[in-house]
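Subject: Structure for your review

Dear colleague,

Please find the structure below, with its sequence.

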Amino acid sequence: MIKDAVSLKNVSIEFNLHKENIGSFKEYIIKKIKRELVVDKFLALDDISFTIKKGEVVGILGFNGAGKSTLLKIISGILRPTKGDVRTEGMISPLIELGAGFDMELTARENIYLNGAILGYSRKFINEKFDEIVEFAEIDEFLDVPLKNYSSGMVARIGFSIATIVKPEILIIDEILSVGDYKFQRKCEDRIKNMLMGQTTVIIVSHSIEQIRSLCSQALILKKGKLIEFGEAQAICDQYMNNMD
Amino acid sequence: MLKTVKEVFRFRELLFELVKRDLKIKYRRSMLGVLWSVLNPLLFMSITSIIFSTMFKVQIPNFPIYFLCGQIIFTFFAESTSLAQNGIIGNGALIKKVYTPKYIFPLSKICFALINTLFSLVAILIITLFMGYSLPLTSILFLIPILYVFIFSVGVGILLSALTVFYRDILHLYSIFISLLSFFSAIFYPVEIIPEKVRTFVLFNPVYVFISYFRDLILHGKLPGLGTNLLCIAYCSLSILIGFIVFKKNENKLVLFI
């Protein structure tokens with residue numbers, strides 16, 4: 001029996017939109033007394049339920065502000081849902097932003113260890129995989145140069161290289177396949193395709209319909225925080241394209 | 001709470017890497033590097049000694065050592081809690097992007113301050129050699145008061161780091177509070193000069209309690225009694241308990257306010 005890798009049950013999340021950013025006691029008290037303390041609630045995700053089976057590759061489609069990134073953050077445990085239940089099975093490797101946690105003052109070598117630790121790898125593991133990470137990112141000449149002197153494409157390459165060095169059970173990708181030059185994008189896609197053979201569950205947010213079509217088996221459409229459709233990737237992509245017009 | 005301790009253990013490599021990062025950045029590209037942690041209290045002590053040592057000559061023998069003991073313990077508390085206060089906000093970008101236990105960040109700042117403090121202790125060693133003062137046997141227990149300050153700071157630090165996310169004013173208030181506290185910790189004067197009525201405030205000020213514990217070991221060759229130790233333990237437990245409860249209660253909300 002194939003197990004569920006991710007299952008969401010009636011998940012909602014609510015953000016408080018502070019129209020004016022209240023950041024101090026004084027302001028807070030004044031506003032409270034004047035009864036101006038109106039907090040607008042914003043439902044970023046509204047009653048979302050679905051399950052993803054192990055080994056599936058799921059694309060998330062939707063316009064800007066539809067809640068795609070929020071959904072990914074909920075799945076990776078960065079945000080907790082206001083209501084509902086999220087269950088995940090296995091280690092998650094979140095590629096929500098490449099190189100989150102890089103320190104620009106440190107060198108590439110030091111950042112690889114730091115970022116590895118943030119992602120929960122052991123030092124021993126990074127030692128073993130170090131050459132592989134460097135080789136994939138193609139940065140061996142600049143290993144001991146502080147990251148602030150790198151181009152943004154190179155930083156993203158290191159980030160991708162570290163995050164995908166493990167074979168995670170669940171890989172979460174947010175819009176990052178558009179980094180780097182064409183050659184590197186191909187390399188990333190190849191690596192992700194490789195992971196698919198290894199039974200990794202992948203969740204991808206992308207604005208490139210082509211990418212979703214070529215990588216995903218399933219897809220879903222989000223609109224204003226609601227789940228519109230969930231199903232077979234090609235059909236969903238067609239539907240999304242038609243609705244756009 | 002046991003679960004948290006286990007989690008810290010699981011993330012010890014991250015903690016280690018974060019502390020290493022801070023240390024590297026602090027000393028990178030300065031020629032004297034880590035030596036500054038020793039020089040800083042020494043220079044400060046020299047200035048203070050010039051100004052105050054004649055004033056308190058009678059009450060305080062070995063003024064430079066008296067001052068250094070107070071200064072190092074106080075700086076440890078002040079530095080660790082102030083850095084920890086910024087721990088969550090400063091790592092906001094990261095906390096929003098990757099799941100990590102959030103208290104790791106303030107905790108790493110306190111460990112960083114601990115390492116700086118251990119370097120600073122060399123200053124005491126240097127000055128005792130310089131003055132020809134022989135350290136009493138009780139000095140070997142110097143890690144006990146440092147451990148107390150560490151635990152106490154962890155509690156205060158995680159409490160501040162969480163509250164500061166919601167109320168940024170605390171950032172400014174706390175720096176004022178710290179300078180106020182420095183005057184009430186008897187760092188450069190004998191506690192006896194404070195009027196009796198308000199002296200209790202100083203005597204029960206946790207930071208002063210730790211400082212005088214440290215001075216008893218280094219300067220007076222005296223082992224602090226059971227009462228003092230119980231007081232220290234009580235302060236530490238209270239601090240950890242409050243910090244932990246407040247932090248845990250707000251942990252999931254933090255990310256929405258960074």
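A crossing of two helices is called left-handed if the near helix is turned anticlockwise from the far one by less than a right angle, and right-handed if it is turned clockwise. By that convention, the crossing of H8(B) and H12(B) is left-handed. Please note that the model is a predicted one.

Helix packing in chain B

Helix H8 of chain B covers residues 143-166, and helix H12 of chain B covers residues 226-257. Their axes lie 7 Å apart and meet at an angle of about 25 degrees. Angles under 35 degrees count as roughly parallel, and H8(B) and H12(B) are therefore roughly parallel to each other. The residues of the contact between H8(B) and H12(B) comprise 22 nonpolar, 6 polar and 1 charged.

Strands in chain A

An open sheet in chain A is formed by 3 strands in the order E2-E1-E4, with antiparallel pairing. Strand E2 (40-53) and E4 of chain A stand at the edges; each has a single partner strand, so one side of each is left without a neighbour in the sheet. From one strand to the next, the twist averages 20 degrees. Strand E1 of chain A, residues 4-17, pairs with E4(A) in the antiparallel sense over 5 bridges. Within E4(A), Thr88(A) is the residue that stands opposite Val6(A).

Strands E8 (residues 218-223) and E9 (residues 226-232) of chain A also run antiparallel, joined by 6 bridges. Phe230(A) in E9(A) stands opposite Leu220(A). The hairpin of E8(A) and E9(A) has 2 residues between the strands, and in this hairpin Lys224(A) takes a positive phi near 45 degrees.

The second largest pocket

The second largest pocket has a volume of about 740 Å³. Its lining consists of 28 residues, and those nearest the centre of the pocket are Ser76(A), Ile92(A), Arg10(B), Phe11(B) and Tyr99(B). From chain A, helix H2 (68-76), strand E4 (83-88), strand E5 (92-95) and helix H3 (108-118) each supply at least two residues of this lining. Helix H1 (2-10) and helix H2 (12-27) of chain B each do likewise. By class, the lining of the second largest pocket divides into 16 nonpolar, 6 polar and 6 charged residues.

With kind regards

Definitions and conventions. Residues numbered from 1 in each chain as written. Chains lettered and ligands numbered in written order. Predicted model: local features only at pLDDT ≥ 70, side-chain atom pairs only at ≥ 80, totals over all residues. Heavy atoms only, no water. 1 Å grid on protein atoms, 1.4 Å probe; cavity = no way out; pocket = protein on both sides within 12 Å on 5 of 7 lines; lining within 4 Å. Points joined across faces, edges and corners; volume = space filled by probe spheres on them. Helix = DSSP H or I, 4+ residues; strand = E, 2+ residues; numbered from the N terminus. Nonpolar A, V, L, I, M, F, W, Y, C, P; charged D, E, K, R; others polar. Axes fitted to C-alpha atoms, helices over the stretch in contact; angles between N-to-C directions. Parallel < 35°, antiparallel > 145°, perpendicular 65-115°, else oblique. Pairing = 2+ DSSP bridges.
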